[in-house]
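Trainee: I am new to this structure and would like to learn how to read it feature by feature. Please start with the turns.

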Amino acid sequence: MLGGKILMATIQDSPYLLGQKGPLKGSRVELNRTVVIGRDPSCAVVIPDRQVSRHHATLTPTPEGMRLEDMGSKNGTHCNGERLAAPLLLHDGDVIQIALAQEFTYLSSDSTMPLTEPIARPGRLKLDPRSRTVWLNQEPMEPPLSALQFHLLQMLYENQGQVVSRQELVSTSWGMEQAAGVSDQALDALIRRLRDRLAEYDTDTHYIVTVRGHGLRLDNPPPE
């Protein structure tokens with residue numbers, strides 16, 4: 001049971017949840033079996049908050065991947081800001097929210113590695129790949145960016161001030177296997193949604209700049 005104490009992952013190639021905001025911040029939950037999350041003491045992961053149902057959500061390893069399912073909870077289970085209406089297969093970096101009480105990041109076995117320090121870059125925008133968190137003017141973005149938005153922004157952030165080609169952005173965001181099927185319209189839509197999210201926190205700065213014929217560049221001005 002994970003409640004008052006942290007359950008640490010012992011098998012390094014197993015997927016796990018990394019606790020973010022909430023009473024289980026900093027915890028790591030190994031996912032090598034079906035895990036029930038809820039308020040009831042019988043759950044494998046106990047979140048002591050009245051917003052959480054007694055048996056709130058389950059995570060189940062399947063041949064296709066890790067499946068997240070809401071158990072008819074009152075306040076819902078969200079993945080990347082969207083409430084679950086049906087079971088969902090998770091992808092590396094997905095952000096899971098249990099009611100409004102606890103947030104986790106899902107890390108697949110393919111990406112399980114020692115935690116590293118956040119990438120240090122000057123500017124108003126800060127990004128931490130470890131927690132999949134983005135800050136603008138020292139304020140964390142809520143709800144978190146989707147996995148696609150985060151991967152695109154991370155590529156630009158790691159190369160800020162430099163032009164990154166559209167093909168590089170597609171390969172980074174969708175992965176090499178799916179990149180061939182991604183249209184220009186899909187990339188443009190992703191960029192537009194990311195710009196809209198950044199504008200929610202800073203309407204005066206155009207962080208993502210299009211360099212026609214070449215790609216995109218992240219401009220990250222110094223803090224005010």
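## Hairpins and their turns

Mentor: Look at β13 and β14, which form a hairpin with two residues between them, and where Asn137 in the turn has a positive phi of about 50°. Keep in mind that this is a predicted model, in which local features need pLDDT of at least 70 and side-chain atom pairs count only at pLDDT 80 or more, while totals for chains, interfaces and linings use all residues. Residues are numbered from 1 along each chain as its sequence is written, and side-chain values use heavy atoms, with hydrogens and water left out.

Trainee: How many bridges join β13 to β14, and in which sense do they run?

Mentor: The general idea is that strands of a sheet pair through backbone hydrogen bonds, either parallel or antiparallel. Here, two strands pair if DSSP finds at least two bridges between them. β13 and β14 (residues 139-140) run antiparallel and are joined by two bridges.

Trainee: Which strand forms another hairpin with β13?

Mentor: That is β12, with four residues between the two strands and Arg132 in the turn at a positive phi of about 55°. β12 (residues 125-128) runs antiparallel to β13, with four bridges between them. Asp128 faces Thr133 of β13 across this pairing.

Trainee: Is Asn137 buried or partly exposed?

Mentor: We call a residue buried under 20% relative accessible area, exposed over 50% and partly exposed in between (1.4 Å probe, protein chains only). Asn137 has 36%, so it is partly exposed. Compare Ala99, whose phi is also positive, near 50°, in a residue other than glycine. Ala99 sits in the loop between β10 (95-98) and β11, and its relative accessibility of 1% makes it buried.

Trainee: How much of the chain is buried?

Mentor: Buried residues are 48% of the 224 in the chain. Cys43 is one of them, with a relative accessible area of 2%, and Cys79 also counts as buried, at 6%.

Trainee: How many disulfides does the search find?

Mentor: A disulfide is a covalent bond between the sulfur atoms of two cysteines. The test looks for a pair of cysteine sulfur atoms within 2.5 Å. Over the whole structure, the search finds zero.

## Helices and sheets

Trainee: How many helices and strands are there in the chain?

Mentor: Helices (H or I, at least four residues) and strands (E, at least two) are DSSP runs, numbered from the N terminus. The chain has four helices and 17 strands.

Trainee: Which residues of α2 are buried?

Mentor: In α2 (residues 166-174) they are Leu169, Val170, Ser171, Ser173 and Trp174. The buried residues of this helix pack against α1 (147-158), β15, α3 (176-179), α4 (184-199) and β17. Just after α2 comes Gly175, with a positive phi of about 95°.

Trainee: What is the order of the open sheet of three strands?

Mentor: The order is β15-β17-β16, and the pairing is antiparallel. β15 (163-164) and β16 (208-211) are the edge strands, each pairing on one side only. Four bridges link β16 with β17 (residues 215-218), and Ile208 has Leu218 in β17 as its bridge partner.

Trainee: In which sense do β3 and β4 pair?

Mentor: β3 and β4 (residues 45-46) are parallel, with two bridges; Ile37 has Val45 in β4 as its bridge partner. β3 (residues 35-38) also pairs with β5 (residues 57-62), in the antiparallel sense over three bridges. In that pairing, Val36 stands opposite Thr58.

## A pocket

Trainee: What volume does the second largest pocket have?

Mentor: Rolling a probe the size of a water molecule over the atoms shows where empty space is left. The second largest pocket has a volume of about 300 Å³. It is lined by 21 residues, and those closest to its centre are Gln20, Lys21, Glu103, Ser131 and Thr133. On a 1 Å grid over the protein atoms alone, a pocket is an open set of points where a 1.4 Å probe fits, with protein on both sides within 12 Å along at least five of seven lines, and lining residues have an atom within 4 Å of a point. Grid points are joined across faces, edges and corners, and the volume is the space filled by probe spheres set on the points.

Trainee: Which strand gives the most to that lining?

Mentor: β13 again, with three residues. β1 (16-19), β11 (102-107) and β13 (133-136) each supply at least two residues of the lining.

Methods: Contact means heavy atoms within 4.5 Å.
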